[in-house]
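Trainee: I would like to go through this model and ask what stands behind each label.
Mentor: Go ahead.

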Amino acid sequence: MLEMSVGRIAAISETYLGLRHGPMSFLDRETLVLCLVSTDHQRQLYEADLLHELRTKQLGRIIALMPPGFSGEGIHTRVAAVAPELPDHLRTPFEIVFPTTAGLSLEPGDGVEPG
């Protein structure tokens with residue numbers, strides 16, 4: 001993505017823990033942050049805490065692909081998970097369709113830069 005946009009758009013993939021302890025400094029108010037929320041309640045607690053931190057710091061335009069019942073604050077757009085009944089390690093083939101489609105539909109200069 002970086003090469004194809006001549007350095008204007010950077011796309012990174014990171015875990016919640018990895019984002020908090022690394023490239024969070026990469027984010028600004030307009031950075032698109034796409035979150036895949038776990039179906040595991042214990043993981044959701046950490047994920048919700050990070051989303052709260054992003055909101056408090058006013059970082060990112062947050063889109064969350066989430067299972068029913070998740071009520072994390074600070075989410076700008078909520079998208080229902082396709083396969084919430086599956087454990088996380090089996091959800092990827094089903095859940096990846098939305099993020100891929102969202103990434104393909106963005107163009108440089110549309111006001112929402114993927115990050």
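Trainee: What makes β1, helix α2 and β2 a right-handed β-α-β unit?
Mentor: First, the basis: this is a predicted model, where local features need pLDDT of at least 70, side-chain atom pairs count only at pLDDT 80 or more, and totals for chains, interfaces and linings use all residues. Residues are numbered from 1 along each chain as its sequence is written, and side-chain values use heavy atoms, without hydrogens and water. Now the label: a crossover is right-handed if, with the strands pointing away from the viewer, the path from the first strand over the helix to the second runs clockwise. β1, helix α2 (residues 41-56) and β2 make such a right-handed unit.

Trainee: How do you know that β1 and β2 pair?
Mentor: Two strands pair if DSSP finds at least two bridges between them. Strand β1 (residues 31-36) is joined to β2 by 5 bridges, and the two run parallel. In β2, A64 is the bridge partner of C35.

Trainee: Which strand pairs with β2 over 4 bridges?
Mentor: Strand β3 (residues 77-80), again in the parallel sense. A64 stands opposite R78 in β3.

Trainee: Why is β2 called largely enclosed?
Mentor: Buried means under 20% relative accessible area (1.4 Å probe, protein chains only). In strand β2 (residues 61-66), 5 of the 6 residues are buried, so the strand is largely enclosed by the rest of the structure. For the protein chain, buried residues make up 36% of the 115 residues.

Note on methods. Buried means under 20% relative accessible area, exposed over 50%, partly exposed in between (1.4 Å probe, protein chains only).
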